[in-house]
Amino acid sequence: MQPIPKKTRKVDDVLSHLGAKLATWQVRALYLGAQTSTNLRLGPQHLLEHIFGDEPVLGDGIDDANANIQALVKLWNDLVTEHRSGRIRLSKMRLSDPPDVAQLDALAKRRAEEITWFTRGIDAGGDNPMEFGPEGEQLLHRLGEAGAFCEAYQELLHKTENSTPKTLRESAQALERLTSTVEIMINGLMTISDGVRRRAIAEYEGIAGRRTDDGVPVQRPVKIGRNEPCPCGSGKKWKRCCGAPTSIQ
């Protein structure tokens, strides 16, 4: 396996070169779900089997593998930044004007799969839906409904005959509105998860030093230096990741 030239070390190149099972848009959705998980230690390094399968070969030697992994970590960090800016975006698909049925079918299929991979990312952290609270549970339920709508919409497209340019444009607009709604719901879930993690950390810190019922002191967690690597595996320093005052990502 020949290494990718450094100047083209992008996620698309890495995934194609290493024979990944997922496309970039699927990895994005998987990462967003993993970042929504309340598991503080879940990072991109824990998702390699989802992307490449069992026992993946990540490069031709250590340096090449590290460079490939860094490209994946950069995508993870870019999504963290998107969330902190208050807006998450799903992948884009170019449509002609008016779009044809095949394009609309592909777009609806992609949105349904993105919701599926987002959910798998959450599942990778071992979360229970109840951990997200009533509002989070409702958002998860609505995401499931959005995925089901996309699948039903695909069936409807194949049953509809003689679509006019007007109806095709209206269908594209409906899918665009659905996309915006899904993006808002995902960002909302990530915000709720931020709060769950903050409360968990505060509670854990609060009980440190107290004694249990049998008189054994509760051990204080190991303190992480502000400039040390974050244990979540993002590749960022603690002070700019889970230790940041404005976000727990």
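A search of the whole structure, which is a predicted model, finds 2 cavities of 30 Å³ or more. A cavity is defined on a 1 Å grid over the protein atoms alone as a set of points where a 1.4 Å probe fits but cannot get out, and lining residues have an atom within 4 Å of a point. Grid points are joined across faces, edges and corners, and a volume is the space filled by probe spheres set on the points. The second largest cavity has a volume of about 30 Å³. Its lining is formed by Trp25, Arg28, Ala29, Leu32, Arg89, Leu90, Ser91 and Glu114. H2 provides the largest share of this lining, 4 residues. By type, the lining of the second largest cavity comprises 4 nonpolar, 1 polar and 3 charged residues; Ala, Val, Leu, Ile, Met, Phe, Trp, Tyr, Cys and Pro count as nonpolar, Asp, Glu, Lys and Arg as charged, and the others, Gly among them, as polar.

Residues are numbered from 1 along each chain as its sequence is written, and side-chain values use heavy atoms, with hydrogens and water left out. In this predicted model, local features need pLDDT of at least 70 and side-chain atom pairs count only at pLDDT 80 or more, while totals for chains, interfaces and linings use all residues.

The second largest pocket has a volume of about 200 Å³. A pocket is an open set of grid points with protein on both sides within 12 Å along at least five of seven lines. Among the 14 residues that line the second largest pocket, Ser91, Lys92, Arg111, Glu176 and Thr179 are the closest to its centre. H5 and H7 are the elements that give two or more residues to this lining, and the largest share, 5 residues, comes from H7. The lining of the second largest pocket divides into 5 nonpolar, 3 polar and 6 charged residues.

The protein chain has 7 helices and 0 strands, where helices (H or I, at least four residues) and strands (E, at least two) are DSSP runs numbered from the N terminus. Of its 249 residues, 41% count as buried, that is, under 20% relative accessible area, with exposed meaning over 50% and partly exposed in between (1.4 Å probe, protein chains only). Contact means heavy atoms within 4.5 Å. Among contacts between residues at least 6 apart in sequence, 69% join residues at least 24 apart.

The largest nonpolar core holds 52 residues, of which Tyr31, Ile51, Phe52, Leu143, Val182 and Ile186 touch the most other members. Helices H1 (11-17), H2 (24-36), H3 (48-52), H4 (62-84), H5 (101-124), H6 (133-159) and H7 (165-207) each supply at least two residues of this core, and H7 gives the most, with 11 residues. Such a core is a set of buried Ala, Val, Leu, Ile, Met, Phe, Trp, Tyr and Cys residues joined through side-chain atoms within 4.5 Å. Apart from neighbours within four places in sequence, Phe52 is in contact with Leu15, Leu18, Ala20, Lys21, Leu58 and Leu72.

Asn187 lies in helix H7 and is buried, with a relative accessible area of 12%. Residues up to four places away in sequence not counted, Asn187 touches His83, Gly86, Arg87 and Ile88. Ala102, in helix H5, is exposed, with a relative accessible area of 56%. Between Ala102 and Leu157 the C-alpha to C-alpha distance is 8.9 Å, and the two are 55 residues apart in sequence.
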